[in-house]
Amino acid sequence: MLDNLVLKKHISIVLITSRPDLINNFSRIAKQEDINYSVVFAGFDEAGSEAEKLGTTADAILSLIGTDEQIRKVVDIPVITIPYTSFDVMHTIYSIENIPAKIALITYKKMHGVKDIQKMVGITIFEYRYESQQDLSEIIEEIKRRNIEFVIAGMKVVDFAIKNGLKGILRYCGDEAIRHSIHEAIHLARVRRKERNLAARIKVVFDSLAEGVIVTDEKNTVVVYNPAAEKILKISQHQVIDQDIQTVLPNIKIDRVFKNGQPELNDLQEINGVHIASNRIPVLLDGTRIGVVTTFENVTKIQQLEELIRNKNHTKGFIAKNKFDHILSSDPHVQELKELAKLYATTDSSVIIHGESGTGKELFAQSIHNASKRVNGPFVAVNCAALPETLLESELFGYEGGSFTGARKDGKPGLFELAHNGTIFLDEIGEMPNSLQARLLRVLQEKEIMRIGGNKIIPVNIRIISATNVNLARKVEQGEFRKDLYYRLNVFNIELPPLRDRKQDIILLAADFLKERGIYVNEKYSKELKLLLIHYDWPGNIRELYNIVERLSLLIINAPPEENWDNMLKKVMRVPSSYEEEVNIKVKSEEALKTAVHTFENKYITLLLTRYEHDYEKVAQKLGISRTTLWRKIK
């Protein structure tokens, strides 16, 4: 807000007009708005030349309709037209002492609401538009033929009408129209300043880049050629800028990309004896190709930097080890989620992964990272619930030396900095404190951070993948999580099912975990595993299954040959033995009685069908019901 006020005071707005009443009203309102303003007294014919004299001293120019187009022809700063409204016309009509039955309204552009004015005032208004002096002369003649005495128009037209024997009155220009135009001028001036500042920054960026940059326009003319390009290609700027790219660098292949519209990435080529790796990307505006941006680096330097980065990342452990191939499942829904996640990996937007603890959220996050264009960047994971607020803040944002007691003397980069050009995985995002939620939102919006105790903005290029085992939407409703942050994080989302909802994967995963320990599951053992594991609820999901299998494998390795897996599993987990007559079946306490009974029957019948290998006669006997009743319940 303070920046906007400072900027407003430094904006210079100029009014160009020959109407004294407008000058007085504008000056009064400009003072009320507390802006830097000036006035140039000039009519339609002199407005362009007077505007040209202003040079760069004005940020925006205000003028009336007609004059505005003359000014726009000679300046490249914002020109704002003070509009005439139907209210202004009404005000003008009522200022006439004896309102005539017929009035001519002459405007440069069509005005809306004229018919409404006629109804309210009870007079006939003949509306005319003109673009040239010839048009105006013809209009005046027609007005005379219609015996219209009064003309409402701008100053130039009123003077001309009076010279031709008619009565004329200047259109009123209301305070609201002037105030609106001033606000629009301020807005456009701010936008223009931002654009100019951005252009200046972009130039500095291009000039400071270690990469060579060449930008061509729709005629294949070079418009940007930065110092790094000069250094790499050993050709000076003055030899290249404003020249046809094919003339100065015939084998750089830019014209080919412009013609076919297809980007060419990581292309190795030799130019002037230098081996470079280049990216050539067409520039599109509304679907039309308007040029090509080419970036390139010396191959030798790339190889050196890549090796250095990889060594540093491996040292820090910021590597994603898992890929989509590591996500084992025969469940159709999980297969669909994998395909969806692969699609998300092609974008750079935020992803939020929902799922109970132990369902494989980080596995999916790592896989998305490794399938994305950030695969060579770091993958940094942090658990938002594992650290207290102050420590989490310093871990995420880093700190400058001496920021607080116990801080390292030379400071410390935060995880956002360390994840630059890569991915940061924020696990249990729902537990992030409110104060840090606001700072995280800024990171998402501005792509920049500031260390604790620091005064320097650090830009970061990161992708955020978050995960939660709570209902974030509900937390938003309860005011425990910022709505704006939630929608920033929830661009794409994945809902991982619990292990109990993907029963067919239990044996597949258990067998794979055992295989990692050199234990192979044959048909007999697979049957025993299925009988025991399939009916367990797995509140800890895949992580719990992994831990149980790890304990089981230790028993298997040290067990005598005659020991069966059923007994060993019974020792490492709380599930019923396949030979026990008692089983435990859980139903949710909040379920209605009818629903709870249905759930119990479903689970109990399924358990017995599995135990007795779909021997319906035996299952019906066990249940004490007829086969017909069993069939009906199964259906």
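D242 sits in the loop between α10 (227-233) and α11 (245-248), with helices (H or I, at least four residues) and strands (E, at least two) taken as DSSP runs and numbered from the N terminus. Its phi is near 70°, a positive value in a residue other than glycine. D242 is exposed, at a relative accessible area of 58%; here exposed means over 50%, buried under 20% and partly exposed in between, with a 1.4 Å probe and protein chains only. The model is predicted, so to speak of local features pLDDT must be at least 70, while side-chain atom pairs count only at pLDDT 80 or more and totals for chains, interfaces and linings use all residues. Residues are numbered from 1 along each chain as its sequence is written, and side-chain values use heavy atoms, with hydrogens and water left out.

N220 also has a positive phi, about 65°, although it is not a glycine. This one belongs to the loop between β9 (212-217) and β10 (222-225). In contrast to the exposed D242, N220 is buried, with a relative accessible area of 12%. Another positive phi turns up just after α2, where D34 takes a value of about 60°.

Helix α2 itself covers residues 20-33, and its end C-alpha atoms are 20 Å apart, which agrees with the 20 Å that its 14 residues should span at 1.5 Å a residue; the expected span is 1.5 Å times one less than the number of residues. Buried positions in α2 are L22, I23, N25, F26, S27, I29, A30 and E33. An α-helix has 3.6 residues a turn, so residues three or four places apart point the same way. Over in helix α5 (residues 86-94), the buried set is D88, V89, M90, T92 and I93. Their cover includes strands β5 (102-107), β6 (124-129), β7 (150-153) and β8 (167-170), along with helices α6 (114-121) and α9 (175-208).

F364, in helix α15 (residues 361-370), counts as buried at 3% relative accessibility. Leaving out residues up to four places away in sequence, F364 touches I327, L337, K338, A341, I353, I494 and L496, where contact means heavy atoms within 4.5 Å. From F364 to D615, 251 residues along the chain, the C-alpha separation is 40 Å.

W538 lies in the loop between α22 (523-533) and α23 (541-558) and is buried, with a relative accessible area of 0%. Beyond its neighbours within four places in sequence, W538 is in contact with L499, R500, I506, L533, E544, L545, I548 and M573.

Zooming out, the chain has 27 helices and 22 strands. Its radius of gyration is 38 Å, well over the 26 Å that the globule rule gives for 635 residues, so the chain is more spread out than a compact globule; the radius is taken over C-alpha atoms, and the rule is 2.2 Å times the number of residues to the power 0.38. Along the principal axes, the C-alpha atoms fill a box of roughly 120 × 75 × 60 Å. Buried residues make up 43% of the 635. Among contacts with a separation of 6 or more, 60% involve residues 24 or more positions apart.
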